[in-house]
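Below is a set of questions about how terms are applied to a model, each answered by setting a value against a definition. Please look at the sequence and the structure first, and then read on.

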Amino acid sequence: MKVVLDICVMFLMLHTPGVLSLSTHVAVVYPQDPVLRMGSTLTASCWVHPDLGVHASSLFWTLNGQQLPSSLYRVLSPTNLSVTLAGLNASRQTSGDNLVCHNHKGHILAGSCLYVGMPPEKPVNLTCWSRNTKDLTCSWVPGGKGETNISTQYILKYKLRWYGKEKECEDYTHTQPYSCSITRDLHLFTPYEIWVEASNQLGRATSDVITLDILDVVTTDPPSGVTVSRVGQLEDQLSVRWEAPPALKDFLFQAKYQIRYRLEDSQDWKVMDDVGNQTSCRLAGLRPGTVYFVQVRCNPVGIYGSRKAGIWSEWSHPTAASTPHSERLMSGSCDSKSSGDSNSTLRRELKQFFGWVRKHAYGCSSMSMKLYDQWRVLMQKSHKTRNQVGSPRG
């Protein structure tokens with residue numbers, strides 16, 4: 001609040017003629033820099049020194065540069081003019097609203113800064129997470145409308161449950177508002193009680209207390225070493241491999257993974273949820289001759305026996321790869337008319353089988369993928385044989 005008050009006082013001094021500066025006390029506005037609740041009524045008075053030779057009836061008031069109507073004034077004495085403001089709205093600027101007393105020529109005699117707002121409401125949505133068990137970061141949301149141009153202080157407090165001493169978080173991040181990180185003296189296998197206190201000059205409020213064990217809110221770095229490669233000449237598949245998050249290799253945990261992928265010219269990601277805890281997966285049913293971007297993320301489960309799922313990591317950096325071009329599209333093969341009916345029936349039956357296999361092979365089922373691979377290789381060999389038989393010989 002001190003910084004904002006200094007800004008307000010500086011504004012008044014910069015707009016005051018030299019002989020009428022605040023330090024000479026030729027005029028004073030009272031009260032000075034009040035903090036008021038929205039909807040309240042304020043009566044302020046401007047007192048001028050008798051030696052100035054100015055009668056109060058010649059003075060006028062402005063609020064944020066706008067002259068206030070004389071109907072709000074009252075001459076209390078030859079040297080004292082008051083103004084009454086009813087139903088005050090929230091301050092329109094963070095440096096406070098400038099209430100200024102002027103002489104008949106418009107010169108500033110004195111002024112005051114008004115800070116109008118509300119007491120803080122209870123902070124909500126308190127959430128915490130630990131990156132690789134090395135820290136504990138918590139974020140929250142101000143209750144209601146938050147700060148109504150009255151500086152509000154937020155303090156994250158925590159203690160070990162049952163026997164801990166209350167402590168205050170010190171590392172408030174500048175990149176994310178309303179968050180703080182605890183980076184030292186952390187205890188595993190022990191629950192913490194955590195809450196946020198909000199206070200300003202009109203009151204204070206406290207969030208609900210949450211209880212958590214660090215092992216239950218762990219998130220990891222993204223999986224490393226993500227590679228995407230072709231599966232032989234299968235034009236609608238890509239193989240994805242990755243490594244477990246390096247920071248958790250020494251921890252007893254299982255991991256759940258998710259993969260998402262998109263076309264090069266699209267922003268729509270398709271997510272695969274059924275990857276499980278393996279570190280490789282086959283993407284099937286892709287477009288031939290197409291570039292895909294692929295990302296992987298991790299959710300640590302059961303670290304040191306915790307019964308709660310962890311928190312999803314960020315996605316890994318995108319890795320790109322392209323599927324092979326389809327030979328059927330590139331080679332102009334023709335079927336003889338005499339075998340057209342039988343080939344049409346065979347293609348229809350194989351198309352149905354292909355749809356069934358691809359549907360059941362979507363994801364990372366090794367059994368269905370093996371059957372799918374065998375069928376595709378057989379089809380490609382059969383197609384090449386038909387092309388060779390049908391090709392004219394020299």
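**Questions about a predicted model**

Q: Which residue in E8 is the bridge partner of Leu63?
A: Leu63 has Leu99 as its bridge partner in E8. This is a predicted model, in which local features need pLDDT of at least 70 and side-chain atom pairs count only at pLDDT 80 or more, while totals for chains, interfaces and linings use all residues. Residues are numbered from 1 along each chain as its sequence is written, and side-chain values use heavy atoms, with hydrogens and water left out.

Q: What makes E4 and strand E8 a pair?
A: Two strands pair if DSSP finds at least two bridges between them, and a strand is a DSSP run of E with at least two residues, numbered from the N terminus, as helices are (H or I, at least four residues). E4 and strand E8 (residues 97-102) are joined by 4 bridges and run antiparallel, so they meet the requirement of at least two. E4 is also joined to strand E5 (residues 66-67), antiparallel again, by 2 bridges, and here Leu63 stands opposite Gln66. The hairpin of E4 and E5 has 2 residues between the strands, and in this hairpin Asn64 takes a positive phi near 55°.

Q: Which residues of strand E4 point one way, and which the other way?
A: Phe60 and Thr62 point one way from strand E4 (residues 60-63), whereas Trp61 and Leu63 point the other way, and all of them are buried. In a regular strand, side chains alternate between the two faces of the sheet.

Q: Why is one side of strand E1 and of strand E6 left without a neighbour in the sheet?
A: The open sheet has 4 strands in the order E1-E3-E7-E6, with antiparallel pairing. Strand E1 (27-30) and strand E6 (73-77) stand at the edges, and because each has a single partner strand, one side of each has no neighbour in the sheet. From one strand to the next, the twist averages 20°. Within this sheet, strand E3 (residues 42-48) and strand E7 (residues 80-85) pair in the antiparallel sense over 6 bridges, and Ser45 stands opposite Ser82 in E7.

Q: Why is Thr137 called buried?
A: Buried means under 20% relative accessible area, exposed means over 50%, and partly exposed lies in between (1.4 Å probe, protein chains only). Thr137 has a relative accessible area of 9%, so it is buried. Thr137 belongs to strand E11 (residues 136-141).

Q: What makes the pair of Thr137 and Ser181 a polar contact?
A: A polar contact is a pair of N or O atoms within 3.5 Å; within protein, one must be able to donate a hydrogen and the other to accept it, and residues adjacent in sequence count only if both atoms are side-chain atoms. The side chains of Thr137 and Ser181 make such a contact at 2.8 Å.

Q: With which residues is Leu85 in contact, leaving aside its neighbours within four places in sequence?
A: Contact means heavy atoms within 4.5 Å, and on this basis the partners of Leu85, beyond neighbours within four places in sequence, include Leu42, Leu63, Leu68, Leu72, Leu99 and Leu114.

Q: Which residues touch the most other members of the largest nonpolar core?
A: A nonpolar core is a set of buried Ala, Val, Leu, Ile, Met, Phe, Trp, Tyr and Cys residues joined through side-chain atoms within 4.5 Å. In the largest one, which has 26 residues, Leu59, Trp61, Leu68, Val83, Leu85 and Leu99 touch the most other members. The elements giving two or more residues to this core are E1, E3, E4, E7, E8 and strand E9 (108-117). A second, separate core of 20 residues includes Leu238, Ile259, Tyr261 and Tyr292.

Conventions. Axes fitted to C-alpha atoms, helices over the stretch in contact; angles between N-to-C directions.
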